[in-house]
Each structure stands twice: as structure tokens, then as C-alpha cells.
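Thanks, everyone. Please have a look at the model on the screen, and I will walk you through it.

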Amino acid sequence: MKGGCHCGAIRFEVKGKPSWVGACHCVDCRKIRGSPFLVFAEYSLKDFKLLKGKPKIYHSSKNVKRSFCSKCSSPISYICSKDKGKIYIAIGIFDNPEKFKIKEHIWKSQKLPWVKID
């Protein structure tokens, strides 16, 4: 599958299927995305390849690096040092995000009260 940011400055591809797809309701993900939650697909770093551009990377917490497009601010990825060899990619930046299905909701203790989970 391929994907990229809103402005097209960053393009990437991943091989295979994600090992996990989940919606994160933590405050950090909500603030970064500006929405009630952020949905990620987990891949092995070895299966992720940048095709164009280079995301801006910053540490959002002690163990977490997040990346985004420096031109349009689209969130790209989340990498946690505790999850060796894994990358979590925001599904909204894939060319075909409808192919993903949420398997789990995490940080439900921080979800907004009006968000309903089936």
C-alpha cells in the first residue's frame, strides 16, 4: 500500500498487512490530530519505505518520536522506543484507508465522553 501527506511532499509505501490497527484516544493523539482520536496501522520498520520527502521528527514524550510533514502538517508516524522495530502510521494518509478495520481502541480512559465505541 502507498500513501502520503496532504500536500504530496511526502510519499511512502508499506509491504504486507498491518499487524495491528487501533484507535488511540489519548490526549497527545487528540491534540496532534485535532480530532477525537487517531487511528494507526502497525507495521515493521523494515516494511516501511519513504519514496519522496523527509518528515519532520520530534519527541512528543520520553519514549515516543512522532513525524509529520513540515509543509502541510499531516501526521505521518509514531515510533515508541519500547516497541523495537515497529512503526505506527496514521491511516488517514494512506491512499486507500477504507481497507483498514479498527481492531482495538486504546487509552479509552481518556476518550471524550461523547465518543461511542461499538
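I will take the sheet, then the salt bridges.

A word of care before we start: this is a predicted model.

Strand β7 covers residues 64–68, and strand β8 covers residues 75–80. They run antiparallel, joined by five bridges. For an example, take V64: its bridge partner in β8 is C80.

On to the salt bridges. How many does the structure hold? Two.

Here is one of them. R11 pairs with D95, and their closest N and O atoms are 2.8 Å apart. Where do these residues lie? R11 is in strand β2, residues 11–14. D95 is in the loop between β9 and β10. Buried or exposed? R11 is partly exposed, because its relative accessible area is 25%. D95 is partly exposed as well, at 42% relative accessibility.

The other salt bridge joins K46 and D47. Here the closest N and O atoms are 3.7 Å apart. K46 has 66% relative accessibility, so it counts as exposed.

That is the tour. I am happy to go back to any part.

Definitions and conventions. Residues are numbered from 1 along each chain as its sequence is written. This is a predicted model: local features need pLDDT of at least 70, side-chain atom pairs count only at pLDDT 80 or more; totals for chains, interfaces and linings use all residues. Side-chain values use heavy atoms; hydrogens and water are left out. A salt bridge is a side-chain nitrogen of Lys or Arg within 4 Å of a carboxyl oxygen of Asp or Glu. Helices (H or I, at least four residues) and strands (E, at least two) are DSSP runs, numbered from the N terminus. Buried means under 20% relative accessible area, exposed over 50%, partly exposed in between (1.4 Å probe, protein chains only). Two strands pair if DSSP finds at least two bridges between them.
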